[in-house]
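Good morning, and thank you for coming.

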Amino acid sequence: MKTGSMEKIVEKGKAYYQLTGRGREKISKKFPVLDLAKQKWDGKWRMVIFDVPKEKNHRRDRLREKLKQLGFGMWQESVYISPHQLAADLHESLETMGMLPYIVIAEVKQLEGVDFKEVAAKVWKLEELNDKYAAWSCDAENFFRQEKKTEQQKQELLMAYESLLLTDPGLPAEILPIDWEGERANVCFKNLLLQ
């Protein structure tokens, strides 16, 4: 049985649900970071350096918002970084916004004296995000252990996970903390969908 984003499948008398193509498309649009996280990292960082005149403050603010939407993090006030290959999306956005004359885009493999794993931890506040994923996973695991589960509890957990995803930059595993709780949370999320 198919209903838009999900389909029910029955195998050997046991029912489970899975996303349809349309469902995966909806999730990709709402959480583009999930697709970014699946891509193999080429080891390069994309840097956007800008110097926008003061009389164009509103455009600078729009630029910062766009960079954040694309998964860039602010390293310094006018320097944003990302490990993701977003050149086409970025160039198109900057051109549409009329910002190309004020921007330098660079790809770097390394910078002398810079540990990009440390930079990533600071720029995206990974320790804080990791703690939030761990707390959410504990809440989900407690929900699974309950004898009486309510739909409201499940929906609250799903909404809390969605909020976490909106703050997750989808960084490659190579630059995430060793004890990254995002994976545990992802497993709990998938199990929650099956409840």
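A helix here is a DSSP run of type H or I with at least four residues, and helices are numbered from the N terminus. Leu94 is found in one such run, helix H4. Please keep in mind throughout that this is a predicted model.

Let me begin with the whole chain. The protein chain holds eight helices and seven strands. It has 195 residues, and 37% of them are buried. Of the contacts in the chain with a separation of 6 or more, 70% are between residues 24 or more positions apart.

I now turn to helix H4, which spans residues 87-97. Which residues of H4 are buried? They are Leu90, Ser93, Leu94 and Met97. These residues cover an arc of only 95 degrees around the axis, which puts them on the same side of H4. The face of H4 turned away from that buried side carries the exposed residues Ala87, Ala88, Glu92, Glu95 and Thr96.

What do the buried residues of H4 pack against? Their partners are strand S4 (45-50), helix H3 and strand S7 (103-108). After H4 comes Gly98, which has a positive phi, near 70 degrees.

Leaving aside residues up to four places away in sequence, Leu94 touches Leu63, Met99, Leu100, Ile103 and Ile105. Leu94 and Lys66 are 28 residues apart in sequence, and their C-alpha atoms are 8.9 Å apart in space.

Next, consider how H4 meets helix H3, residues 57-69. The two helices pack at an angle of about 165 degrees, and their axes are 11 Å apart. Angles over 145 degrees count as roughly antiparallel, and H3 and H4 are therefore roughly antiparallel to each other. H3 passes H4 in a right-handed crossing. On the H3 side, the contact is made by Arg59, Arg62, Leu63, Lys66 and Leu67, and on the H4 side by Leu90, Ser93, Leu94 and Met97. Sorted by class, this contact of H3 with H4 has five nonpolar, one polar and three charged residues.

Helix H3 also contains Lys68. Is Lys68 buried, partly exposed or exposed? Lys68 counts as partly exposed, because its relative accessibility is 48%. The C-alpha atoms of Lys68 and Pro169 are separated by 9.0 Å, although the two residues are 101 residues apart along the chain.

Helix H5, residues 116-123, comes next. The buried residues of H5 are Phe116, Val119, Ala120 and Val123. Together they cover an arc of only 100 degrees around the axis, which puts them on the same side of H5. Glu118 and Lys122, on the other side of H5, are exposed. Among the elements that cover the buried residues of H5 are S4, strand S5 (73-76), strand S6 (79-82), S7 and H6.

Between H5 and helix H6 (126-145) there is a loop, and Lys125 lies in it.

Within H6 itself, I would point out Asn130. At 7% relative accessibility, Asn130 counts as buried. Not counting residues up to four places away in sequence, Asn130 touches Asp179, Trp180, Glu181 and Gly182.

My last topic is a second pair of helices. Helix H7 (residues 151-167) and helix H8 (residues 182-193) pack at an angle of about 145 degrees, with their axes 11 Å apart. Is the crossing of H7 and H8 left-handed or right-handed? The crossing is left-handed. H7 contributes Lys154, Leu157, Leu158 and Tyr161 to the contact, while H8 contributes Ala185, Asn186, Phe189, Leu192 and Leu193. By class, the contact of H7 with H8 has seven nonpolar, one polar and one charged residues.

Thank you for your attention.

Conventions
Residues numbered from 1 in each chain as written. Predicted model: local features only at pLDDT ≥ 70, side-chain atom pairs only at ≥ 80, totals over all residues. Heavy atoms only, no water. Axes fitted to C-alpha atoms, helices over the stretch in contact; angles between N-to-C directions. Parallel < 35°, antiparallel > 145°, perpendicular 65-115°, else oblique. Left-handed = near helix turned anticlockwise from the far one by under 90°. Contact = heavy atoms within 4.5 Å. Nonpolar A, V, L, I, M, F, W, Y, C, P; charged D, E, K, R; others polar. Buried < 20%, exposed > 50% of the residue type's maximum accessible area, 1.4 Å probe, protein only. Arc of directions from axis to C-beta.
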